[in-house]
Amino acid sequence: MRDTIKFDDAERDTLARDLGAALSGEVRFDAGARALYANDASNYRQPPIGVVIPQTIEDIIATHRICRAHGAPILSRGGGTSLSGETVNHAVVIDHSKYLHHILDIDTDSGRVTLETGVINDKLNEALEPYGLVFPPDPSTHKWCTIGGNVGNNSCGTHSVQAQFYGPGPRTADNVDSLDVLTYDGERMTLKDRYEESEIDAIIAAGGRQGEIFAGLKALRDRNAEQIRAQYPSIEKMPRRVSGYNLDDLLPENGFNLASALCGTEGTCVTVLHVTLKLTRNVKHRTLAVIGFEDIAVAADHVPVIMQHRPIALEGIDYELFEDERKQHMHEQALSRLPKGKAWLLVELGGDDRQESDTKAQALMDALKQTEDRPTGYSILDDEDQQQKLWEVRKSGLGATAFPPDGRDHWPGWEDSAVRPEKLGAYLRDLRKLYDKYDYKGPLYGHFGQGCVHSRISFDLHTPEGVKKFRAFMEEAGDLVVSYGGSLSGEHGDGQARAELLGKMYGKELMQAFREFKSIWDPQWKMNPGKVIDPYKLDENLRLVNFHPPKTATHFVFPNDKRSFGRVAIRCVGVGKCRSDGGTMCPSYMVTREEKHATRGRARLLFEMMQGDVLTDGWRSETVKESLDLCLSCKGCKSDCPVNVDMAAYKAEFLAHYYEGRMKPISAYAFGLIDRWSRLASRLPAVVNFLTHAPGFSGIAKELTGMPQARSIPKYAPQTFKSWFRQRSVRNTAGPPVVLWADTFTNHFFPDIAQAAVEVLESQGYRVRVPLQPICCGRPLYEFGLLDQAGQYLQRVMDTLDNEITAGVPIVGLEPSCISVFRDELINLFPDDPRAQRLSKHSYMLSEFLQQQVENYAPPRLARKALVQPHCHHKSIMGMDAEQSLLDKLGLDYEIPDSGCCGMAGSFGFEKDKYDVSIGAGERVLLPKVRAASAATLIIANGFSCREQIAQTTNRRALHIAQVLQMALHGGPQGPLPEAEVGRRRAAAQSKSNRNTAAALGALAAGGLLAWGVSRRKRH
């Protein structure tokens, strides 16, 4: 029944034109859109016919009507995080996530909520929190996956145990009250969770398309009822039975529950327009018991005992996952707190208060101490922050195991099987034996309370031989889980990955019933064809075996990606964390909500560029260029992304190739070479400041450099820091040496920051050295792909600081973006240069140096409130632990808002075509927070960009931590506005410089006039 129709360019253009004329939403059939949606988080790739992004429900209805007229298949998609291949297809993709994200009604009396399918799982629960209600099924992607995706996959999650014991049931299907659906042929109906037989008969008697559907379903049920009862394990015994269609919901004893029956159909039957969910009363307090065991199977053996205590979550972690995270320096503090053992269970218990949940936890431990193979250790945590850090260990499973330190890439495929909880230990032992048989590696972890096992496995999906082995394993793994009465999928659905194996689980008769079920809803088989029923084979459409990227010489070496840009292009695994609105990545996505502006979207376009069949213009791709243009190079993905995609480096590499042999935009020379222009400007700073701020001149300067007129050009300081330092005598001549890195921005614009740092370092007895030569880390060069020049800059730095690098003298920096170059780009450009490695290891932010290298450093206390905006590179590359520890020692009552990037991001916010995104990123959280802060609150921002964004959009001026420490040395800021004194000193210095320059220019003019007069008299 599966259709293999392919649309040629002319047919695609006609379809796109008809859709564009009918929809208020967006119709994207260009190569870039098709490339963006060709992949999800699975092993599969299928470029779509085109993409529709509806603004309204009417847009979806019109899309169905027009696609039906053209014979085009349809695929609904939410967050696109599916691991089984169900959200890629040669179809018209309808992306519900951008606009259809409204919660329509919260009915606290009935415990129901009605919403659109694009609502994000966490956003729903945030809205429910004030009412004490929760939708418990929360997959690990709950911060960015959509409810429509939950329904499509019949998702579960960590707190499905809570729904099992205290709510309607473990799966999304059990928590759905009704669905508003649309069939391919245009029939819209609302389907509920229970129908009396008389209601069914009345609907059938009424006729029409709905009557036809009900009649078909009733006949299907009656013919197959006994087979369904015999073959389907009950959800009570097998809570994670997610594979296949839910035909058991058609049975009379289950109320002909059509809302539940359509959950997990993965868009193969209908398009869901609205969802009404049943909610669970939430707990008020949580206690986490972390329990160690000698191995993961022994831990699983204890699950039945633990479940008797009715927890709200029960997760398992094996030692291999622990080791993967430890070797990659992930969650090191949390890992160190795990109790003794080689495997761990995380058991969350809820109560109305701390005493109740703690009592439950202690009762659980008392029971476990009486068991055979008792735990090797345990911890009971009721501190929310400590709990969250340990939960992150479990949630990071996918990222930690995708590209583990053993060098063998791990992929999904058999990442989702489930058995009855009482059989889990035995199943894990046999599953591990199967891994050994095929010489596969893969940590075992997952939702153990309901018998669901997650595991990314070291499949070789690059070669035909590896794919053949993969297929053999999948066949045998299917047999294994079925022998335990289990489910091929316990959460992620069947899609293409496991659908071919459904016959093992259900047999021929029920597989035929599945085909009939789909045909009743979708007689033309146009809804996500080739998935679940009559599927593509599990080894078709594999993206890696068909990926043959050209070998390309690159500027960056990419040592963590086997020194290959082709390997770089497959690093993104599509999990979609970059589509959330917390953390640092991805600021442009947070503003635009565009897939192409998410880290995942950009990474997928780079993959497609290397693939070369949809995007055919390689390094000259305008599609890729457009996507990367709004990348702020914030490096948030370097740390926030589960697999450490480094889009800032990929952007720089792409631009280097894109502009090869071409003129670069004027902004590349205006901003990329800022160090050179600044050296020239420092000779006559007052004149430059006048020309860049005087009416008329200022506008011309901005126009010439591509700056938006709304921006102010930063003023040069009257005297550079290096000039100031050159004039002073050496202090602490016998003290240990430290090099203070005078970056371009601090040296030329804010020398008082470096002066403050000198005072702080000298107060600790250090002999401060400052390289006075014109050297620069070259940070702005990367934004424009000027990588040849960047390499030359760094070579010059290493040559100039050769003695200090060899001697291991610490290099202390004040501008996070500069120190991040030494810690990151330097070793990407020069991975085999020992000087680069040493410089990287011996470069510090000021806070890092004071905390890590100065023994018992204790600054004077400063009793103030503070609002802290960390620079993105600081968070992503160096981390904020040392900075926060220093703020704690200062005694500050500080807040670090989850504001992400400030939006200025080096030159980004100074470029005209990026101004709106720059302001949008700042206005999301940071700038309103600054405006709302009291006048006495310190605003702290170490990054030049962050300080400029704040200064140019609020009435406050941010201080560097060096200035705050200097204030503490002097007894604190004077007056109510902390930055006022700094501002007065700067204004006075500028005024004096202006007067001196005016006097010098006046004298020069007078001298010229005098000379002219003398010359005139001599002639006469």
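In the predicted model, a nonpolar patch on the surface is formed by Phe690, Leu691 and Phe697. Together, these three residues present about 310 Å² of accessible area. Phe690 is placed in helix α28, which covers residues 685-693.

Helix α45 accounts for the largest share of the lining of the second largest pocket, with 13 residues.

Ten cavities of 30 Å³ or more were found in a search of the whole structure. The largest cavity has a volume of about 720 Å³ and is lined by 46 residues. Those nearest the centre of the largest cavity are Thr81, Ser82, Gly149, Asn153 and Ser155. Two or more lining residues are given by each of the strands β3 (74-77) and β10 (271-278) and by each of the helices α5 (147-153), α15 (384-395) and α16 (397-402). Among the elements that line the largest cavity, α5 makes the largest contribution, namely six residues.

The cysteines were considered next. With a cut-off of 2.5 Å between cysteine sulfur atoms, the number of disulfides in the model is zero. Cys67 accordingly takes part in no disulfide, and the nearest cysteine sulfur, belonging to Cys269, lies 18 Å away. Cys67 is buried, its relative accessible area being 0%. For Cys631, the closest cysteine sulfur is that of Cys586, at 6.3 Å. Because a disulfide requires two cysteine sulfur atoms within 2.5 Å, this separation of 6.3 Å is too far for a bond between Cys631 and Cys586. Cys631 is likewise classed as buried, because its relative accessible area of 6% falls under the 20% limit.

Key
Residues are numbered from 1 along each chain as its sequence is written. This is a predicted model: local features need pLDDT of at least 70, side-chain atom pairs count only at pLDDT 80 or more; totals for chains, interfaces and linings use all residues. Side-chain values use heavy atoms; hydrogens and water are left out. Buried means under 20% relative accessible area, exposed over 50%, partly exposed in between (1.4 Å probe, protein chains only). Patches are made of residues with over 30% relative accessible area and no salt bridge: like charges are joined within 9 Å, nonpolar side chains (Val, Leu, Ile, Met, Phe, Trp, Tyr) within 5 Å. Accessible areas come from the Shrake-Rupley method with a 1.4 Å probe; for residues, only the protein chains shown count as cover. A salt bridge is a side-chain nitrogen of Lys or Arg within 4 Å of a carboxyl oxygen of Asp or Glu. Helices (H or I, at least four residues) and strands (E, at least two) are DSSP runs, numbered from the N terminus. On a 1 Å grid over the protein atoms alone, a cavity is a set of points where a 1.4 Å probe fits but cannot get out, and a pocket is an open set with protein on both sides within 12 Å along at least five of seven lines; lining residues have an atom within 4 Å of a point. Grid points are joined across faces, edges and corners, and a volume is the space filled by probe spheres set on the points.
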